[in-house]
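Student: Can we go through how a few labels in this model get assigned? I'd like to see each value set against its cut-off.

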Amino acid sequence: EEQKYQLARCIERNAAGIGLSVAGGSIIGAALTHAAPKDAVWIARAVAQDPQILFALARTKEGHGSALLVLQTLPECEQARACAGFAQHLDKLRASKFGRKFVAQLCIVLGQGQSPASDLP
């Protein structure tokens with residue numbers, strides 16, 4: 001447990017560098033999946049703190065699922081704030097294959113079915 005805690009803190013402190021790296025999506029996703037719930041929230045907050053990191057993850061093969069997991073891990077009010085940031089950049093997200101997948105999955109997770117993503121909170 002102590003090792004998991006230390007690893008979670010390391011990922012939290014280095015979220016920007018990890019999130020923007022080639023393997024960042026896999027690392028963030030694995031960390032969120034295997035961390036204790038409280039630690040996962042701290043990791044998700046660190047990633048969501050910089051909208052550019054979350055946006056970069058959402059447009060990649062390895063990262064789009066991790067970006068969704070970040071949003072699902074955040075408390076509701078923080079999730080809404082992060083989603084609002086995506087709503088401003090829908091055209092850029094839709095310009096990439098994995099960005100489109102992310103938007104479609106996000107609409108489903110938020111309970112909007114296949115409705116237009118322009119309705120994101």
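Student: Why is C77 called exposed?

Tutor: Exposed means over 50% relative accessible area, buried means under 20%, and partly exposed lies in between (1.4 Å probe, protein chains only). C77 comes out at 55%, so C77 counts as exposed. Keep in mind that the model is predicted: local features need pLDDT of at least 70, side-chain atom pairs count only at pLDDT 80 or more, and totals for chains, interfaces and linings use all residues. Residues are numbered from 1 along each chain as its sequence is written, and side-chain values use heavy atoms, with hydrogens and water left out.

Student: And what makes C83 buried or exposed?

Tutor: C83 has 0% relative accessibility, so C83 is buried.

Student: How do you know whether C83 is bonded to C107?

Tutor: A disulfide is a pair of cysteine sulfur atoms within 2.5 Å. The closest cysteine sulfur to that of C83 sits in C107, 9.4 Å away, so that pair is too far apart for a bond.

Student: How many disulfides does the structure hold, then?

Tutor: The count is 0. C77 is in none either, its nearest cysteine sulfur being that of C83, 12 Å away.

Student: Switching to S66, why is S66 called buried?

Tutor: Its relative accessible area is 5%, so S66 falls in the buried class. S66 sits in helix α6, residues 64–73; helices are DSSP runs (H or I, at least four residues), numbered from the N terminus.

Student: Which residues does S66 touch, leaving out those up to four places away in sequence?

Tutor: G25, S26, I28, G29 and L32, where contact means heavy atoms within 4.5 Å.

Technical notes. Helix = DSSP H or I, 4+ residues; strand = E, 2+ residues; numbered from the N terminus.
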